[in-house]
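Hi,

Here is the structure I promised to pass on. Have a look first, and then read on for what turned up in it.

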Amino acid sequence: MAKIQKIKGFVDLFPDEAAKYTFMESAARGTFSRYGFGELRTPVLEKTELFAKSIGEDTDVVGKEMFTFPDRKDRSLTMRPEATAGVVRAFIESKTHQPGKVSKFFTIGPMFRYERPQKGRQRQFHQINAEIFGAPEPQADGELILMLRSFLNRLGLTKLTIELNSLGCHKCRPSYKQALIDFYKSKDKALFCEDCQRRMETNPLRVLDCKVPACKELVADAPVITDHLCDECETHFSDVKTILNGAGAAYELNPRLVRGLDYYVRTCFEVSSNDIGSQTAVAGGGRYDGLIRNLGGGDCAATGFACGMERLALLLGEMEPARPDFYLAVVDKDAANAAMLFAQQLRDKGLTGETGFAGGSMKSRMRAANKSGAKVCLIMGGDELQNETITVKYMDEERDQETLDRKLYLASL
Ligand code: HAM
């Protein structure tokens with residue numbers, strides 16, 4: 001019979017790999033709680049219009065990459081391609097915002113994008129996401145970037161590049177957009193890809209983000225946003241840079257960084273690595289002050305970032321598995337029940353370990369004990385069963401094995 005296989009771009013994480021995810025999640029929880037972030041868990045399925053309205057119809061994510069389908073009542077639903085839109089929706093719906101109040105949320109979970117799978121790029125992938133609502137100040141952007149850096153340092157990842165840019169605001173961006181349109185007009189339109197030919201008028205910034213090599217070359221000398229910032233955006237950007245400088249956080253200014261989602265204003269950033277193949281971005285984020293209002297909430301500033309866990313996992317390398325406290329070797333099958341129950345008592349005491357259920361020769365049991373990496377091997381055979389004892393073999397110590405009363409051994413732990 002043909003075996004049922006997993007869907008393309010969807011991955012099973014077995015214990016060795018899953019351990020990296022648990023490690024990243026606890027590092028994130030540990031780091032973010034120091035900054036006052038609370039966890040928010042939102043659904044993976046949302047109404048399609050949520051993403052279309054927030055990420056932007058003209059983006060690759062909304063235009064090409066969403067898992068969208070009708071439900072049984074023909075309503076269009078989408079598997080979330082990112083967390084921010086859902087977090088904003090939940091925040092607005094909870095009606096918890098009050099003017100002047102700052103709210104901080106983090107969220108961890110799977111996201112879905114119909115992209116071509118390759119190293120570091122899956123159709124189901126996982127993000128660690130952090131968002132601050134209600135803080136228009138540049139210090140909020142600074143805090144986020146420094147928190148992201150602390151989290152990455154905690155993972156032992158120190159060789160990453162932070163790229164930084166400002167995307168301006170509704171006041172200064174129109175003049176930049178016009179400068180871009182004028183620039184595109186000076187080029188032969190036919191040389192751009194089809195998407196860009198359309199976007200150069202409707203969404204001129206998106207052309208700067210196009211991955212097609214010909215388009216990349218054509219925009220190499222396009223005007224840069226940082227020459228068009230209004231005074232407020234200029235001051236905001238300069239404060240963010242001052243904070244990062246003050247913290248000794250190295251970053252590179254990249255005036256061409258536009259990010260792949262439409263909601264950003266002012267600060268945007270991306271963290272990348274050269275050690276994981278062509279998908280170099282491990283994290284990205286920025287400020288999106290207008291989004292809460294666009295989705296029907298009041299005026300409320302917002303800034304955030306997301307890390308891609310698959311890409312961070314590539315950088316983490318192999319994790320050392322934790323060593324179990326014991327391995328319980330059953331060398332007489334009559335002792336199997338008593339051994340299993342004894343192992344249960346050990347675990348109730350807080351020890352970790354396992355028992356080979358089936359029993360077997362002393363040689364094969366010792367091989368299994370060695371393989372498990374346990375600190376002690378507990379041996380249970382016919383004699384131990386009859387005398388209510390346990391034989392303890394110390395795997396790390398130059399110490400003879402000893403046979404002890406089972407109850408006394410338990411009491412000594
Ligand atoms: P993003 O840049 O689209 O931003 O995604 C953030 C990170 O998710 C990327 O840097 C990358 O590491 C990872 N990622 C994206 N797509 C894939 C994929 N197909 N496979 C594996 N990893 C992937 C956002 O999603 C924004 N919501 C970030 C944000 C939060 N901005 C403000 N708040």
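Predicted model: local features only at pLDDT ≥ 70, side-chain atom pairs only at ≥ 80, totals over all residues.

Arginine 259 sits in the loop between β8 (252-253) and β9 (265-272). With a relative accessible area of 12%, arginine 259 falls under the 20% cut-off, so it counts as buried. Its backbone deserves a glance too: arginine 259 has a positive phi of about 70 degrees, although it is not a glycine. Most residues other than glycine have a negative phi.

Lysine 95 also has a positive phi without being a glycine, in this case near 50 degrees. You'll find lysine 95 in the loop between α4 and β5. Lysine 95 counts as exposed because its relative accessibility is 74%, and the cut-off for exposed is over 50%.

Next, the ligand. There are 27 residues around the ligand, and Glu82, Glu115, Glu131, Tyr264 and Ala281 come nearest.

- The side chain of glutamate 131 has an N or O atom 2.8 Å from a nitrogen atom of the ligand.
- For the side chain of tyrosine 264, the distance from an N or O atom to a ligand nitrogen is 2.6 Å.
- Glycine 308 takes part through its backbone, with a polar atom 3.4 Å from an oxygen atom of the ligand.

On its own the ligand has 660 Å² of accessible area, and the protein covers 95% of that. Which strand gives the largest share of the shell around the ligand? That would be β10, with six residues. The strands β6 (124-133), β10 (281-287) and β11 (302-308) each supply at least two residues of this shell. Sorted by class, the shell has ten nonpolar, ten polar and seven charged residues.

Then the aromatic rings. The structure holds 14 aromatic pairs. One of them is phenylalanine 91 with phenylalanine 105, an edge-to-face pair with centres 6.0 Å apart and 65 degrees between the planes. This pair links distant parts of the chain, 14 residues apart: phenylalanine 91 is in helix α4 (residues 84-94), while phenylalanine 105 is in strand β5 (residues 103-112). Both phenylalanine 91 and phenylalanine 105 are buried. Elsewhere, Phe32, Phe37, Phe106, Phe151 and Phe305 form one aromatic cluster.

Last, two arginines over rings. Arginine 123 lies over the face of tyrosine 114, 3.9 Å from the ring centre. Arginine 399 does likewise with tyrosine 394, at 3.8 Å from the ring centre.

Cheers

Conventions. Residues numbered from 1 in each chain as written. Heavy atoms only, no water. Phe/Tyr/Trp six-rings, centres within 6.5 Å; stacked < 30°, edge-to-face > 60°. Helix = DSSP H or I, 4+ residues; strand = E, 2+ residues; numbered from the N terminus. Buried < 20%, exposed > 50% of the residue type's maximum accessible area, 1.4 Å probe, protein only. Lys NZ or Arg CZ within 6 Å of the ring centre and 35° of its normal. Near = heavy atom within 4 Å. Polar contact = N/O pair within 3.5 Å; in protein donor to acceptor, adjacent residues only side chain to side chain. Areas by Shrake-Rupley, 256 points an atom, 1.4 Å probe, with all protein chains shown as cover. Nonpolar A, V, L, I, M, F, W, Y, C, P; charged D, E, K, R; others polar.
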